[in-house]
Amino acid sequence: QVQLVESGGGVVQAGGSLRLSCAASGRTFTPERMGWFRQAPGKEREFVATIIWRGSVTYYSDSATGRFTISRSNAENTVYLQMNSLKPEDTAVYYCALRLYGNSAYSYWGQGTQVTVSS
């Protein structure tokens, strides 16, 4: 079993920055990719960013491109999301997710961390 624990959420003013972290633990594994998703009140969960573990290739949603940066720790199964120039519409619960090799979908999800951007 794999556990994902997010941290770093909080309240920030528009234009500010936050850095989210997600640590994966549990059975011995190497992720195929880890990603960040978010869900705002009354909306469906949406993709934010993902990083392919081998080669650290990254992909972003249109709303995240240019403002957010996903990265990973070389030593540990940890992924980060640096969020700059935050906007009130970025307010959401942010979830970390992990996909293992051989799987076609994200199999493991964190409990979520709240990000609130005030105007």
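This note walks through a predicted model of a single chain, from its overall build to a few residues worth a look.

1. **Elements.** The chain has eleven strands and zero helices. Read from the N terminus, the order is β-β-β-β-β-β-β-β-β-β-β.

2. **Overall size.** How does the radius of gyration of the chain sit against that of a compact globule? The chain has 14 Å, which agrees with the value near 14 Å for a compact globule of 119 residues. Along the principal axes, the C-alpha atoms fill a box of roughly 45 × 25 × 25 Å.

3. **Burial and contacts.** Of the 119 residues, 45% count as buried. Take the contacts between residues at least 6 apart in sequence: 53% of them join residues at least 24 apart.

4. **Surface and charge.** The accessible surface comes to about 6100 Å². Carbon and sulfur atoms hold 46% of that surface. Charged side chains number 11 positive and 8 negative. The centres of these two sets lie 5 Å apart.

5. **The disulfide.** Which cysteines are joined? Cys22 and Cys96 form a disulfide, with 2.1 Å from S to S. The count for the chain comes to one disulfide. Such a link is a covalent bond between the sulfur atoms of two cysteines. Here the link of Cys22 and Cys96 is left-handed, with -80° about the S-S bond. The pair ties together distant parts of the chain: Cys22 sits in strand 3 and Cys96 in strand 9 (residues 92-100), 74 residues apart. Both Cys22 and Cys96 are buried.

6. Ser21 belongs to strand 3 (residues 18-26). Is Ser21 buried or exposed? Ser21 is buried, because its relative accessible area of 18% falls under the 20% cut-off. Beyond residues up to four places away in sequence, Ser21 touches Val5, Glu6, Ser7, Trp36, Val79 and Tyr80.

7. **Leu86, a buried loop residue.** Where does Leu86 lie? Leu86 is in the loop between strand 8 (78-83) and strand 9. Despite that loop position, Leu86 counts as buried, at 2% relative accessibility. Its contacts, leaving aside neighbours within four places in sequence, are Val12, Ala14, Gly15, Gly16, Ser17, Leu18, Arg67, Phe68 and Val117. Thr116 is another residue to check against Leu86: the two are 30 residues apart in sequence, and their C-alpha atoms are 9.4 Å apart in space.

8. **Ser85, in that loop too.** Ser85 also lies in the loop between strand 8 and strand 9. Its phi is near 50°, a positive value in a residue other than glycine.

9. Ser56 is not a glycine either, yet has a positive phi of about 55°. The residue is found in the loop between strand 5 (46-52) and strand 6 (57-60). With a relative accessible area of 33%, Ser56 is partly exposed.

10. **What to look at in the model.** Start with the link between Cys22 and Cys96. Then view Ser21 and the residues it touches, among them Trp36 and Tyr80. Next, find Leu86 in the loop between strand 8 and strand 9, and Ser85 in that loop. Finish with the positive phi of Ser56.

Conventions: Residues numbered from 1 in each chain as written. Predicted model: local features only at pLDDT ≥ 70, side-chain atom pairs only at ≥ 80, totals over all residues. Heavy atoms only, no water. Helix = DSSP H or I, 4+ residues; strand = E, 2+ residues; numbered from the N terminus. Rg over C-alpha atoms; globule rule 2.2 N^0.38 Å. Buried < 20%, exposed > 50% of the residue type's maximum accessible area, 1.4 Å probe, protein only. Contact = heavy atoms within 4.5 Å. Areas by Shrake-Rupley, 256 points an atom, 1.4 Å probe, with all protein chains shown as cover. Lys, Arg positive; Asp, Glu negative; His and termini not counted. Charge placed at Lys NZ, Arg CZ, Asp CG, Glu CD. Disulfide = S-S within 2.5 Å.
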